[in-house]
Amino acid sequence: MEYRKDIQMLRGVAVLLVVFFHLEIAGFNSGFLGVDVFFVISGYLMAVMYDPLEKAKFFVKRARRLLPAYITVVIATLLIAMIVTTPNEYDQVSNQAVFATFFASNIGFWMENSYFSKGSFKPLLHLWSLGVEIQFYLLIPFLYWVFKKFKISFLLILSVSALFCFVVISFSPKTVFFWLPFRMWQFLIGFGVAKYIYNGWRNRNSILSWLGAASLVVIICIPLINIDGAQREFVRGHPGLAALIISIATAIIVSFGIPKIIEENLISNFLERTGRYSYSIYLAHFPVIVLFLYEPFSGTVLKTESLGQTVVLIVLVICASSILFRFVEQPLRSVDKGVHWTIASAIIGLLVWSVGVTVQKTLIPEKEMLVYQAMEDKSKFRCGRMIRILNPGAVSCETTGNIQSPVHRVLLVGNSHANSIKSTFSSVAQSHDVAVHFIVDNYPLMRGGITPQRLFEEATEKRIDAIVLHYSEGVLDQLDINQLAMLAKEKQIQLSFIMPVPVWDEHVPKMLIENMKGEGGMLSQSIDDYQSLHRALIADLIKVDYESFRIYQIADIFCRPKCQLISSVGRPLYYDGHHLTLTGSEMIRKIFTRIILDL
């Protein structure tokens with residue numbers, strides 16, 4: 001395969017964009033689009049390298065090229081995390097390593113939350129893109145056969161993938177971001193360039209090469225693109241319009257190259273050298289950043305505290321990438337016994353993981369372990385992982401299983417605080433043959449969320465006879481509550497309001513651990529403090545003019561007279577500063593029972 005300096009330059013630009021994005025350097029908020037550049041290049045390279053008569057040779061070469069550095073990073077991350085992280089966060093790294101071992105990191109992270117969410121500790125998050133790429137490589141023989149057998153299939157698969165991507169983004173941006181079927185079109189753009197457009201270096205100094213130069217400018221200007229990965233729309237979401245533009249720009253460069261005059265200068269030489277190291281840079285940079293900035297119970301920290309810290313991190317990334325490139329990626333890509341090396345590495349990784357789990361659980365006292373376990377003691381998904389895909393128009397989901405003839409149907413409504421109590425509430429309801437439906441939307445009745453009118457349309461459709469509200473303090477005001485009561489009265493639906501739980505200014509598990517180690521004091525809150533904070537809300541609720549409106553107080557359960565942080569056996573009642581654990585929600589089980597019996 002011929003050497004192309006322009007592609008190495010593209011790789012250099014792409015990896016720098018990604019690194020600066022992850023370092024949260026000002027002006028690089030859209031740097032993650034660099035991965036889209038890599039996808040198109042990968043599609044091109046696969047088409048150039050794949051020979052249907054030598055399938056085994058193709059996969060052996062890919063394995064030699066990718067696996068040594070990939071597995072080294074996974075093992076190194078496990079080793080360092082074993083030393084510096086808490087057990088709950090080491091468990092997260094271990095799970096990520098397992099998915100990475102099976103080249104399914106994209107699926108593992110999709111099962112958790114968005115790529116842009118920092119609530120969990122994810123030093124191996126960047127491996128999601130390698131998962132997508134390797135899954136594409138595994139499909140190459142099949143795709144090659146299909147494209148050869150059915151000429152129209154190439155355009156058909158590319159178009160369907162792009163269409164589904166741009167449609168599904170409107171209700172599940174996380175899914176189109178992580179799953180190969182919705183990213184296939186980007187690889188196929190590069191694949192198509194190699195098969196149907198690129199014709200060597202004939203056009204290197206033609207007018208078309210200047211079109212490539214203009215496209216390079218477009219890619220360099222990625223930081224100026226304003227997109228939001230959480231948006232559910234084609235124009236501002238991702239992968240959407242920006243991903244399409246960047247993919248086309250990359251394809252133009254790969255098709256026609258760039259003028260020789262642009263390739264021959266110091267900046268181009270720097271980008272070419274960076275491109276040669278790009279795979280090692282990509283693999284090494286994110287674990288270095290996340291582990292260096294690690295703070296217990298703080299999720300994935302990427303923001304540095306000073307310019308000096310940023311400089312130190314850049315130096316560390318350069319050093320780690322250079323070591324990985326010189327001592328792993330470069331020498332091992334030509335080793336004949338790649339299969340043996342891979343098996344040995346997998347065994348080493350398994351040993352590192354098992355030793356890490358054993359060491360942490362052996363050295364950490366049982367009382368501390370109970371606190372660390374709070375991070376997993378929670379309801380993770382409002383309505384399951386697949387509802388936005390399988391039923392994109394769903395307003396609510398049933399959380400009590402299939403009750404044949406429920407005596408009542410309840411609609412549970414609220415933000416993330418309602419999600420915290422959902423499991424226990426549904427358990428109580430199910431034991432009394434009451435069906436519970438839960439609103440899919442994360443912010444119902446709040447700005448940008450489902451409206452009161454749509455809520456009651458759903459209640460009518462599902463034959464709901466009672467609505468139960470539970471929110472954090474200060475979310476719903478008097479006007480919201482009065483409107484809900486008016487609509488409930490009109491529809492003859494009982495309306496119940498569970499008061500907000502006591503909240504704290506600090507992360508509760510973190511505070512508990514620090515207190516156990518004598519490094520900090522314990523926060524205190526009395527029932528009087530709680531009543532004072534919620535005095536205005538209580539006054540508003542009392543004014544509601546609807547005889548079937550009921551208020552359920554919970555302060556006397558949590559605060560007797562001091563508000564509790566842990567259960568009688570030492571399990572935290574919160575997994576952060578304000579969300580209840582499942583243990584915490586069990587504290588108010590009898591309130592849920594009273595709500596059900598009052599129907």
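A residue counts as buried under 20% relative accessible area, exposed over 50% and partly exposed in between, using a 1.4 Å probe and the protein chains only. That scale comes up throughout this look at a predicted model, in which local features need pLDDT of at least 70, side-chain atom pairs count only at pLDDT 80 or more, and totals for chains, interfaces and linings use all residues. Residues are numbered from 1 along each chain as its sequence is written, and side-chain values use heavy atoms, with hydrogens and water left out.

In general, side chains of opposite charge can pair when their charged atoms come close. A salt bridge here is a side-chain nitrogen of Lys or Arg within 4 Å of a carboxyl oxygen of Asp or Glu. Searching the whole structure turns up 10 of them. One joins the side chains of Glu-54 and Lys-57, with 4.0 Å from N to O. Glu-54 counts as partly exposed because its relative accessibility is 38%, and Lys-57 also gets the label partly exposed, at 43%.

Glu-458 has 2% relative accessibility, so Glu-458 is buried. Lys-462 has a relative accessible area of 24%, which means that Lys-462 is partly exposed. Glu-461 reaches 53%, so Glu-461 counts as exposed.

Next come the helices. Helices (H or I, at least four residues) and strands (E, at least two) are DSSP runs, numbered from the N terminus. Two packed helices are described by the angle between their axes and the distance between the axes. The axes are lines fitted to C-alpha atoms, for helices over the stretch in contact, and the angles run from 0 to 180 degrees between N-to-C directions. Angles under 35 degrees count as roughly parallel, over 145 as roughly antiparallel, 65 to 115 as roughly perpendicular, and the rest as oblique. A crossing is left-handed if the near helix is turned anticlockwise from the far one by less than a right angle, and right-handed if clockwise.

Helix 11 (residues 241–256) packs with helix 9 (residues 184–197) at an angle of about 20°, and their axes are 10 Å apart. Helix 9 and helix 11 are therefore roughly parallel to each other, and their crossing is right-handed. Helix 11 also meets helix 2 (residues 34–49): these two axes come within 9 Å and cross at roughly 40°. Helix 2 and helix 11 are therefore oblique to each other, and the crossing of this pair is right-handed.

The backbone has some details worth a look too. The peptide bond from His-238 to Pro-239 is cis, with omega near 0°. Pro-239 sits in the loop between helix 10 (207–220) and helix 11. Glu-24, in the loop between helix 1 (5–22) and helix 2, has phi near 55°, a positive value in a residue other than glycine. Glu-24 is partly exposed, because its relative accessibility is 24%. Leu-445 is not a glycine but has a positive phi of about 70°. The loop between strand 3 (434–439) and helix 20 (452–461) holds Leu-445, and this leucine counts as buried because its relative accessibility is 11%.

On the surface, Leu-156, Val-160, Leu-163, Phe-164 and Val-167 form a nonpolar patch with about 450 Å² of accessible area together. Patches are made of residues with over 30% relative accessible area and no salt bridge, with like charges joined within 9 Å and nonpolar side chains (Val, Leu, Ile, Met, Phe, Trp, Tyr) within 5 Å. Accessible areas come from the Shrake-Rupley method with a 1.4 Å probe, and for residues only the protein chains shown count as cover. Val-160 belongs to helix 7 (residues 153–168), and at 35% relative accessibility Val-160 is partly exposed.

Ser-321, in helix 15 (residues 307–332), is buried at 2% relative accessibility. Ser-321 and Ser-280 are 41 residues apart along the chain, and their C-alpha atoms are separated by 5.1 Å. Val-569 lies in the loop between helix 25 (555–558) and helix 26 (582–586) and is exposed, at 57%. Val-569 and Phe-381 are 188 residues apart along the chain, with 27 Å between their C-alpha atoms.
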